[in-house]
Amino acid sequence: MKKLLLILCIFLLITGCKKEEEIVTPTDDIPEPVVEEYTDDNPVLVGLYKNGKLLNDISRPLANHQDIDVFDVYFTNDDDTGDTNTKRNFKKYLANYENPEQYKIGFYISFMVDDKLYEATYTNPDHMYKLTPYLYIYLYDDVHQADGSWYSHLEAKDVNEDTVYSSIKLYAAQEGAKINSPITLTVFTYDTDDDFDEDGKYRGKSMYTINITVK
């Protein structure tokens, strides 16, 4: 009888161990997540211009409720366009690219007030008050205007599939004089949403930056 009980115990231990081993899933069988690598094949060169000349770092007066300046956007890095007309310049350099309508224009702006960083990305007129009460940002379409006509900045109702943001105005708002660092202004071009990271910041290579020292 004792031998029989001993044999039964050994059998149960063996079969119990086997059953436990069978439910273990090898860690090697768990697939690793696939991380898609971002690449940018955007060929557009872009620059910020004033009176047909490519801008480097500049300085401008700063006072509440006043324009800081207006900057033109062209798809080039030529030092001098040889022309001061925004509409003609924009069209001239746009024609250097195939299917240029796929490339959209956006802006990134940052500055300090005391020891706090303020920053915003602009891809449409709805964003004009993102940096209030320090800056208002106005976007213009100089291309789709009659020659010699007066026109104002764009609003959301003005935007359609043909709209281009060919110039940008920086305006010091009601507390603009509190800005105590250079204003960084970046223009960029993009074609799809993957040109922005998970925080909504541009991560492509088609960009141009100037620093505006305020005084």
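Lys157 is exposed, with 68% relative accessible area, where exposed denotes over 50%, buried under 20% and partly exposed the range in between (1.4 Å probe, protein chains only). The side chain of Lys157 meets that of Asp158 in a salt bridge with an N to O distance of 3.3 Å, a salt bridge being a side-chain nitrogen of Lys or Arg within 4 Å of a carboxyl oxygen of Asp or Glu; Asp158 is partly exposed, at 31% relative accessibility. The model is predicted, so that local features need pLDDT of at least 70 and side-chain atom pairs count only at pLDDT 80 or more, whereas totals for chains, interfaces and linings use all residues. Residues are numbered from 1 along each chain as its sequence is written, and side-chain values use heavy atoms, with hydrogens and water left out.

The structure holds 9 salt bridges. Among them, Asp83, which counts as buried at 19% relative accessibility, pairs with Arg88, the closest N and O atoms lying 2.8 Å apart. Salt bridges with shared partners also join Lys50, Arg60 and Asp69 into one network.

Strand E4 (residues 66-74) and strand E8 (residues 167-172) run antiparallel and are joined by 6 bridges, where strands are DSSP runs (E, at least two residues) numbered from the N terminus and two strands pair if DSSP finds at least two bridges between them. An open sheet of 5 strands, in the order E2-E1-E4-E8-E7, shows antiparallel pairing, and its edge strands, E2 (53-54) and E7 (135-140), each pair on one side only.

Technical notes:
Helices (H or I, at least four residues) and strands (E, at least two) are DSSP runs, numbered from the N terminus.
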